[in-house]
Amino acid sequence: AISDGGILTLFLLSILGILMATYWSQFFTGFHDIFFAEETWIFSYSDTLIRLFPMQFWQDAGAVVAAGVGCLAVVLTLAGRIGPRFTRS
């Protein structure tokens, strides 16, 4: 189950990664539409929040989180495949 979960996570992460890399604006807008009321998350470019956290910050943060999740998924996949060999019967 751990190995299968790791593989599923890698598959879903790959799909999200492709969407993020090719359609960032649509992905970003869709993400906010899911979690926030209609257009309450849109700020002016002169607002402090946007100046502190520009679009490049969110792209980089998304890449770092995706890389971390991907690494953990690989570890879990390998642990699920290798782990049963080391257990006692």
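Predicted model: local features only at pLDDT ≥ 70, side-chain atom pairs only at ≥ 80, totals over all residues.

Student: OK. What do the buried residues of H1 pack against?
Tutor: They pack against H2 and H4.

Student: Which residues in H1 are buried?
Tutor: Ser3, Gly6 and Met20. They lie on the same side of H1, because they cover an arc of only 100° around the axis.

Student: And what does the face turned away from the buried side of H1 carry?
Tutor: Exposed residues: Asp4, Ile18 and Thr22.

Student: How far does H1 reach, first C-alpha to last?
Tutor: 30 Å, for 21 residues. That is close to the 30 Å expected at 1.5 Å a residue.

Student: Switching to H4. How many residues does H4 have, and how far does it reach?
Tutor: H4 has 28 residues and reaches 41 Å from its first C-alpha to its last.

Student: Which H4 residues are buried?
Tutor: Gly62, Gly70, Ala73 and Thr77 are buried in H4. H1 is included in what covers the buried residues of H4.

Student: What about Val74? Where is it?
Tutor: Val74 is in helix H4, which spans residues 55–82.

Student: Why does Val74 count as partly exposed?
Tutor: Because its relative accessibility is 38%. Buried would need under 20%, and exposed over 50%.

Student: How far apart are Val74 and Gly6?
Tutor: In sequence, 68 residues. In space, 6.3 Å, C-alpha to C-alpha. Gly6 is one of the buried residues of H1.

Student: Where does the largest share come from?
Tutor: From H2, with 7 residues.

Student: How do the lining residues divide into nonpolar, polar and charged?
Tutor: The lining of the largest pocket has 21 nonpolar residues, 5 polar and no charged.

Student: Can you recap H1 for me?
Tutor: Its buried residues pack against H2 and H4. H1 also supplies at least two residues of the lining of the largest pocket.

Conventions
Residues numbered from 1 in each chain as written. Heavy atoms only, no water. Helix = DSSP H or I, 4+ residues; strand = E, 2+ residues; numbered from the N terminus. Buried < 20%, exposed > 50% of the residue type's maximum accessible area, 1.4 Å probe, protein only. Nonpolar A, V, L, I, M, F, W, Y, C, P; charged D, E, K, R; others polar. Expected span 1.5 Å × (residues − 1). Contact = heavy atoms within 4.5 Å. Arc of directions from axis to C-beta.
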